[in-house]
Amino acid sequence: MAEPYYATTPIFYVNAAPHIGHAYTTILVDVASRYQRLAGRDVRFLTGTDEHGEKIAKAAEAAGTTPQAYVDEVSAQFRSAWDELGIAYDAFIRTTEPRHQAVVQEVLQRVYDQGDIIYGEYGGLYCVKCERYYTEKELEDGTCPQHGIAPEYRSEANYFFRMETYRPWLREQLETNPDLIRPEGYRNEVLAMLREPIGDLSISRPKARVPWGIPLPWDEEHVTYVWFDALLNYWSDLVSHGLEERYWPAAEHFIAKDILKPHGVFWPTMLKAAGLPLFRHLNVHGYWLVEDRKMSKSVGNVVRPLDLVDRYGNDAFRYFLLRDMRFGLDASFHELGLAERVNADLANDLGNLLARTVGMLGKYRGGVVPAFGPREDADRALQATFAALPDAVLRHVEALHYDEALAAVMAAVSEANRYVSDRAPWELAKEAARAGELDTVLRTCAEALYATSVLLDPVMPERMATLRARLGVPGDVHLDDAAAWDRVPEGTRVEAGEALFPRVDLEALKATMEVGDGADAPAEAVEAPLPHKPEIAIDDFAKVELRVGTITAAEDHPNADRLWVLTVDLGPETRTVVSGIKAHYTAEQLVGTTVIVVANLAPAKLRGVTSQGMILAAEDAEGTLSLAGLDRPLAPGSEVR
RNA sequence: GGCGAUGUAGCUCAGCUGGUUAGAGCGCACGACUCAUAAUCGUGAGGUCCGGGGUUCAAGUCCCCGCAUCGCUACCA
């Protein structure tokens with residue numbers, strides 16, 4: 001039996017359509033899985049969608065449909081997005097599937113029976129306006145620090161997983177198995193989390209309030225809340241197919257750093273409580289930071305990476321994502337960087353090597369691959385370089401160093417180009433006596449290209465298959481083929497054709513970017529429906545008093561980093577408004593700005609400073625804020641309707 | 001405010017447990033070649049390794065202080 005390998009993406013929450021963040025993780029796991037398959041491993045690649053929760057129930061209601069219909073639609077969007085990106089997953093799990101629910105309930109019951117899930121009358125002191133519970137410590141003089149009103153006693157009975165119990169155990173696991181969470185920086189972060197109490201984890205919600213979820217097996221009035229449902233997908237998919245013994249020991253989770261805590265703390269303790277072994281690795285990657293704030297702001301052309309698939313091709317895009325990110329760290333995304341990478345590595349080095357090889361075979365040998373002639377040191381040296389690559393590449397990939405794996409292959413391609421220059425086949429072609437040498441050079445190039453196509457197949461499956469087809473040797477490949485050096489046999493007919501990777505016109509691209517164009521390619525992802533709030537009558541709206549105000553001062557909040565204490569001129573009166581826009585606007589930008597103020601909002605204390613109103617701002621999906629204003633100046637105090 | 005990450009050539013980044021003149025790719029300059037996608041090959045220019053202290057025979061690489069950027073968090077009316 002081949003060595004198993006079980007790779008997972010997080011299951012994606014279906015309250016939004018797929019975007020670049022989902023795509024990167026999924027592509028990463030696709031590449032990891034393909035390398036393992038190439039190496040002959042017994043691979044299972046799982047992805048899926050997370051479909052329960054209050055947000056989804058509400059979104060469905062707003063969209064005028066049922067939760068099930070809603071999640072069916074969005075889940076399908078994910079699947080079609082992955083199909084477009086050529087993701088070769090083996091299994092797709094949805095948390096609404098009966099097979100998953102059955103496993104969740106079974107595990108819950110087991111953990112409950114052994115006493116690790118307890119019933120808690122949580123909170124007690126509940127502020128109706130905040131819609132949240134407060135602890136005694138948080139209250140100021142027995143009142144809500146936000147609204148200054150007395151909280152009422154409420155007993156929302158929830159169940160709690162006794163996570164804190166397992167904190168020492170988890171610390172020990174991380175100490176003895178330093179590789180469990182990698183790269184190391186993330187292991188350290190989790191260890192830091194474990195230095196202080198992690199508390200118990202709320203794992204249920206009253207069914208009355210959140211009907212869309214998996215019922216607790218021992219209490220039908222509650223449904224499972226988030227993590228006990230979602231995280232268990234990694235396990236439930238295997239169990240439902242009877243594959244847990246085969247794959248679980250080889251579990252490799254891949255996640256982005258934003259969900260480190262649930263995967264690094266909740267999940268291992270859950271597994272322990274359920275009496276299940278730990279996963280093998282938790283692999284944590286960073287973010288792609290898309291810069292060019294100026295450009296998007298003034299011209300309105302946000303660079304959307306998914307659009308680039310259309311422009312540069314899926315394979316080139318995948319290559320770039322893996323080549324230009326150091327695993328674990330954040331990377332900055334520039335379209336120009338992508339274009340330069342495509343030109344340098346794929347068009348100039350690799351694509352051109354194919355073009356010149358096929359060109360010479362056509363010109364000197366009628367398009368037919370010859371047998372090796374006599375071989376010299378230079379020929380053997382290139383072969384030796386490639387022969388060492390399968391092991392090196394696999395080693396890098398397993399250490400998560402995708403950038404280095406690709407760099408190593410491209411270094412060999414460079415060496416091949418150097419080899420061609422050194423051996424100068426165009427000179428050999430002039431002397432009939434050296435025909436054997438020429439055969440060797442041409443054949444060597446063909447073998448080098450074949451080997452490259454194998455080594456890069458997991459990253460660029462489509463283009464590498466094309467490459468092999470052009471060499472006249474299509475078909476499935478194994479990692480060992482990269483070192484064989486006999487896979488393009490004598491007599492094979494090669495095929496000239498279009499450039500494998502067309503060069504990008506950088507000058508044109510730069511010109512486009514300066515003009516601020518590039519918005520002609522619309523976003524690929526289908527938008528999820530907007531989650532609407534319940535309809536209101538005009539009278540409801542009339543209750544809100546909106547007025548034009550001018551910011552006259554912006555001061556630091558004495559006790560909060562994200563808040564500005566603004567002085568707003570409303571004409572006859574002046575208000576102090578505390579606003580959480582510090583991350584988006586400087587004091588200089590704010591002073592003198594005309595804004596819209598909610599003037600009849602009940603005053604509230606924000607970390608000690610009383611705010612007399614609220615300033616309107618819009619927030620996009622990325623969390624960027626923009627103040628709402630007027631398109632012509634109007635006297636402060638004017639009412640907005 | 002607390003915790004953490006990052007700061008190395010114009011750009012994107014490597015530099016493990018401290019050790020000879022600090023590296024790669026791209027870009028740039030010059031040259032060679034012509035099979036090839038104005039590609040390829042060679043040579044070269046370019047760096048106070050954020051700043052300041054300190055430890056050491058020796059620090060980009062360890063310690064302290066500071067600065068900058070970013071993230072998490074204090075739930076941001």
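First, some ground rules. Residues are counted from 1 along each chain as its sequence is written, chains are lettered from A and ligands numbered from 1 in the order in which they are written. In this predicted model, local features need pLDDT of at least 70, side-chain atom pairs count only at pLDDT 80 or more, and totals for chains, interfaces and linings use all residues, while side-chain values use heavy atoms, with hydrogens and water left out.

Let's begin with the sheets. Strands of a sheet pair through backbone hydrogen bonds, either parallel or antiparallel. Strands here are DSSP runs of E with at least two residues, helices are runs of H or I with at least four, and both are numbered from the N terminus. Two strands count as paired if DSSP finds at least two bridges between them.

Look for an open sheet of six strands, with parallel pairing and the order 3-2-1-12-13-7. Its edges are strand 3 (91-94) and strand 7 (181-182), each of which pairs on one side only. Strand 7 runs parallel to strand 13 (residues 281-285), joined to it by two bridges. In that pairing, isoleucine 181 sits opposite leucine 282 in strand 13.

Now try an open sheet of three strands, ordered 9-11-10 and paired in the antiparallel sense. Here strand 9 (204-206) and strand 10 (215-216) are the edge strands, each pairing on one side only. Three bridges link strand 9 with strand 11 (residues 219-224), antiparallel again. Proline 206 has histidine 222 in strand 11 as its bridge partner.

Aspartate 569 stands opposite threonine 574 in strand 18.

Is valine 609 buried or exposed? Its relative accessible area is 17%, so valine 609 is buried; the cut-offs are under 20% for buried, over 50% for exposed and partly exposed in between, using a 1.4 Å probe and protein chains only. Valine 609 and valine 578 are 31 residues apart in sequence but 7.3 Å apart in space, C-alpha to C-alpha. Not counting residues up to four places away in sequence, valine 609 touches His557, Pro558, Val565, Val578 and Ala604, where contact means heavy atoms within 4.5 Å.

Over to the helices. Arginine 423 is in helix 17 (residues 402-423), and glutamate 437 is in helix 19 (residues 435-455). Arginine 423 is buried at 9% relative accessible area, and glutamate 437 counts as buried at 15%. Their side chains make a polar contact (3.4 Å). That term means a pair of N or O atoms within 3.5 Å; within protein, one must be able to donate a hydrogen and the other to accept it, and residues adjacent in sequence count only if both atoms are side-chain atoms. The arginine 423 side chain also makes a polar contact with the side chain of aspartate 379 (3.1 Å). Leaving aside neighbours within four places in sequence, the contacts of glutamate 437 are Pro374, Glu376, Arg423 and Leu428.
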